[in-house]
Amino acid sequence: MFCFQCEQTAGGKGCVKSGICGKKPDVAEKHDELTCALIGLARSAEGKAPSKEADELVMKGLFATVTNVNFDAKRIDELIKLVEEEKEKLGGAENFAVKDLWTQDADIVSLRSTLLFGMRGMAAYAWHAYVLGKKDKEVTSWFYKGLRALGRQHTADEWLELLMEFGNINLKCMGLLDKANTSTYGHPVPTKVTMDVEKGPFIIITGHDLLDLKQLLEQTKDKGINIYTHGEMLPAHGYPELKKYPHLKGNFGTAWQNQQKEFDNVPAPILFTTNCLMPPKASYADRVFTTSVVGYPGMKHIAEGIDGVKDFSPVIQKALELGGYDEDKHFTGINGGSELMTGFARNAVLGVADKLIDAVKSGAIKHIFLVGGCDGARPGRNYYTEFVKKAPKDTVILTLACGKYRFNDLDIGEIGGLPRIIDMGQCNDAYSAIQVASALAKAFGCGVNDLPLTLVLSWYEQKAVCILLTLLALGIRNIYLGPTLPAFLSSNVLDVLVEKFDLKPISTPEEDLKAIIK
Ligand code: SF4
Ligand code: SF3
């Protein structure tokens, strides 16, 4: 096997024996086979109108290969079979050769992988929008275009052009998901979320899929079962159409990499709607449920029902059987805080844009940081906690995605009635952050790069890759990226990104803060 798509890749180079994430060689090989079959499908679809099923397979197939999504060789096999069938219907072009995926010239592999990984991330976002009935022709057809491009030879300049084009398409896709979420569940409003868990039966739901949460809330109504979010599901508490359910009680635990510790012997089932699933420990393996494209051998899977409704009764049954805690339990976050604030998506922030603009103009807010992205296990990720702790009192921290658990329970005060830590939502809500940055630039009559704003990003998996490509396509410079740089960026490709975009690896919080706030 060979895989170097995520930040925890073995030795910072590539997993070759087995994945650090738990992905076994047979599954890694199936992922490659699926990817190459998707390229074949896209080749067959050239100049034709692929079916709805083919579109769905392209999204699901790419999504299934994102880190910590699907470890089940059987399920991947099923996808490959379906892709082959669709491909035959469209004329049956050749698949891309698996042996060529990770070999060939280092720079070409690097550029091709960057596009492939970005597309895997975008597929997840497109899928979440799709299940809410939102589809965009340009986004869907770009999957085919991008897949075909992966199977062709290009010059380095052409690859870079493709990457920038992709970045713009991903912005569109994140916009589509934003529209899907806000038109279905309303605009998020600032919401305080407890980390305590009440006694009695409960279900933990994690991942990014709000529709799964909505259906679970409906199906557990008046059943005496409470629902707690985990990881990337935390921002769900801000949406009016989700927060209206009184049994959506709070948030259990922190980010994905702590799940084996947090779920150890938990008296409740856990529903995984997307990444990041880690190999479950025996103490809770019998309570793990997967749905959508998530899969793990031996774990119970909730399949899609006809007309999109899923039947969560096995999860509900399990919650009743386990019964939850005997008494109310007090939990805290990484830094000992017990309440989290979320729901500051674009509508909420732009609603107080005047306050923000005035505070920047008067100098009350000297600098805005976007400290966002994925969390992970590497000790170097403490950088982000320290960065937030050490950021001067006259600065504001916008945040999003699961990396925020490093600091979102800290009370670092307020500026002008606004909390200094402003949680904008999930990773895909990078769209909100981009909207806010553009609005601020407009108000100040300058470009985003001229604002007193710095992006300090943490990455782990491929959604972070698509977001980074969007930010670069928007011409945003001077991004600090960590905890390590992607192994799939060859030194030549990295040189280009550094030269063109001033992309910077993080150093220490002190040094970076000193360089940013002069
Ligand atoms: Fe290794 Fe990451 Fe690939 Fe898993 S996803 S096999 S940890 S590079
Ligand atoms: Fe986290 Fe996996 Fe990336 Fe959506 S849940 S950000 S790491």
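This is a predicted model: local features need pLDDT of at least 70, side-chain atom pairs count only at pLDDT 80 or more; totals for chains, interfaces and linings use all residues.
I'll start with the ligand. Which residues are around ligand 2? They are His-208, Glu-232, Trp-256, Asn-275, Cys-276, Cys-374, Ala-401, Cys-402, Cys-427, Tyr-460 and Glu-461. Sorted by class, that shell has seven nonpolar residues, two polar ones and two charged ones.

The peptide bond that joins Asn-275 and Cys-276 is cis, and its omega is about 10°. As for where this is, Cys-276 sits in the loop between strand E5, residues 270-272, and strand E6, residues 288-291.

There is another cis peptide bond to show you, from Gly-482 to Pro-483, with omega near 0°. Pro-483 is in a loop too, between strand E15 (480-482) and helix H16 (491-501). I point these out because most peptide bonds are trans.

Now the cysteines. How many disulfides does a search of the whole structure find? The count is zero. Take Cys-173 as a case. The cut-off for a disulfide is 2.5 Å between the sulfur atoms. Cys-173 is also buried, at 0% relative accessible area. Cys-21 counts as buried as well, because its relative accessibility is 12% and the limit is under 20%.

Next, His-31. This residue is part of helix H1, which covers residues 25-45. Is His-31 buried or exposed? It is buried, with 3% relative accessible area. Its side chain reaches the backbone oxygen of Asn-70 at 3.0 Å. Setting aside neighbours within four places in sequence, His-31 is in contact with Lys-23, Ala-64, Thr-65, Asn-70 and Ile-76.

Last, two residues with a positive phi. Most residues other than glycine have a negative phi, so these deserve a mention. Asn-68 has a phi near 65°. You will find Asn-68 in the loop between helix H2 (52-64) and helix H3 (73-89), and it is buried, at 2% relative accessible area.

Asp-222 has a phi of about 55°, again positive without being a glycine. The loop that holds Asp-222 runs between helix H7 (210-220) and strand E3 (226-230). Whereas Asn-68 is buried, Asp-222 is exposed, with a relative accessible area of 78%.

That is the end of my part.

Notes: Residues are numbered from 1 along each chain as its sequence is written. Chains are lettered from A and ligands numbered from 1 in the order in which they are written. Side-chain values use heavy atoms; hydrogens and water are left out. A residue is near a molecule or strand if one of its heavy atoms lies within 4 Å of it. Ala, Val, Leu, Ile, Met, Phe, Trp, Tyr, Cys and Pro count as nonpolar, Asp, Glu, Lys and Arg as charged, and the others, Gly among them, as polar. Buried means under 20% relative accessible area, exposed over 50%, partly exposed in between (1.4 Å probe, protein chains only). Helices (H or I, at least four residues) and strands (E, at least two) are DSSP runs, numbered from the N terminus. A polar contact is a pair of N or O atoms within 3.5 Å; within protein, one must be able to donate a hydrogen and the other to accept it, and residues adjacent in sequence count only if both atoms are side-chain atoms. Contact means heavy atoms within 4.5 Å.
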